[in-house]
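This briefing looks at aromatic rings, the pocket they accompany, and the helices around them. Please have the sequence and the model at hand while reading.

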Amino acid sequence: MATPLRALFGRGARRRRQEELLAALLGQLTLMTEEIRRANLIQHHRLIAEQQGRAMDDPSLADAASSLTGVSEERRRQILFVNRWYAAMLLSYRVGSVDWEELRGHLRVLCRGGVFAEYWERTAEHRRELPEDSLEARVGRAVDAILEERADDPDEWWVVGSPRI
């Protein structure tokens with residue numbers, strides 16, 4: 001009688017160990033999947049930044065790659081540059097290099113520039129079509145609030161407003 005009970009408990013322990021190993025494996029697979037997603041985001045950003053770099057260097061490519069009209073070549077390059085800077089900040093947040101508060105701090109500094117304000121105004125239509133709950137829409141609302149605060153009191157640009165935007 002003792003032998004069948006021991007065998008029953010032995011199988012139960014083995015089963016629990018298999019389940020623990022399976023759970024650990026699943027956890028590792030989840031981490032690996034997230035790391036691959038981050039690597040893909042970084043590669044995608046790199047490809048876009050490379051294309052924007054070409055457009056910044058070659059006015060004929062800038063015309064093809066940009067919806068901006070009525071700006072000088074120099075201003076178009078400046079606007080493309082702040083767009084790249086903004087996209088790099090979003091990427092930093094997406095891959096976890098910065099948290100929400102750090103992102104907002106970087107955006108506050110970026111919003112101080114007149115070129116960024118012009119870029120933001122000229123690209124407002126692009127943001128209107130974003131899904132309300134997307135990261136881009138959330139960041140867009142934060143930038144809108146920062147620019148509004150800056151317009152109200154340009155000397156107090158460093159004062160942090162509502163963190164829940």
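At 22% relative accessibility, Tyr93 counts as partly exposed, the class between buried (under 20% relative accessible area) and exposed (over 50%), with a 1.4 Å probe and protein chains only. This is a predicted model, in which local features need pLDDT of at least 70 and side-chain atom pairs count only at pLDDT 80 or more, while totals for chains, interfaces and linings use all residues. Residues are numbered from 1 along each chain as its sequence is written, and side-chain values use heavy atoms, with hydrogens and water left out.

**Overall fold**

- The secondary structure of the chain comes to 7 helices and 0 strands, where helices (H or I, at least four residues) and strands (E, at least two) are DSSP runs numbered from the N terminus.
- Of the 165 residues of the chain, 27% count as buried.
- Among contacts between residues at least 6 apart in sequence, 70% join residues at least 24 apart, a contact being heavy atoms within 4.5 Å.

**Aromatic pairs**

- Rings of Phe, Tyr and Trp (its six-membered ring) pair if their centres lie within 6.5 Å, and planes under 30 degrees apart count as stacked, over 60 as edge-to-face and the rest as tilted; by this rule the count comes to 8 aromatic pairs.
- One of these is the edge-to-face pair of Tyr93 and Trp100, with 5.7 Å centre to centre and 70 degrees between the planes; Trp100, at 9% relative accessibility, counts as buried.
- Phe116 and Trp120 form a stacked pair, 5.5 Å centre to centre and with 25 degrees between the planes, and because these two residues are 4 residues apart in helix H5 (residues 114-122), about one helical turn separates Phe116 from Trp120.
- Ring pairs also link Tyr86, Phe116, Tyr119 and Trp120 into a cluster.

**Charges over rings**

- Arg127 lies over the face of Trp120, at 3.5 Å from the ring centre, the rule being that NZ of Lys or CZ of Arg is within 6 Å of the ring centre and within 35 degrees of the ring normal.
- The charged end of Arg138 sits over the ring of Trp100, 3.8 Å from the centre of that ring.

**Burial in H5 and at Leu110**

- In H5, the residues Val115, Phe116, Glu118, Tyr119 and Trp120 are buried, and what covers the buried residues of H5 includes H3, helix H4 (100-110), H6 and helix H7 (135-152).
- Leu110 has its place in helix H4 and, at 3% relative accessibility, counts as buried.
- Leaving aside neighbours within four places in sequence, Leu110 is in contact with Trp85, Tyr86, Met89 and Phe116; the C-alpha atoms of Leu110 and Tyr86, which are 24 residues apart along the chain, are separated by 7.8 Å.

**The largest pocket**

- The largest pocket has a volume of about 760 Å³, a pocket being, on a 1 Å grid over the protein atoms alone, an open set of points where a 1.4 Å probe fits, with protein on both sides within 12 Å along at least five of seven lines, and lining residues having an atom within 4 Å of a point.
- Of the 26 residues that line the largest pocket, the closest to its centre are Ile48, Gln52, Asn83, Ala87 and Tyr119.
- The largest share of the lining of the largest pocket, 8 residues, comes from H3.

Key:
Grid points are joined across faces, edges and corners, and a volume is the space filled by probe spheres set on the points.
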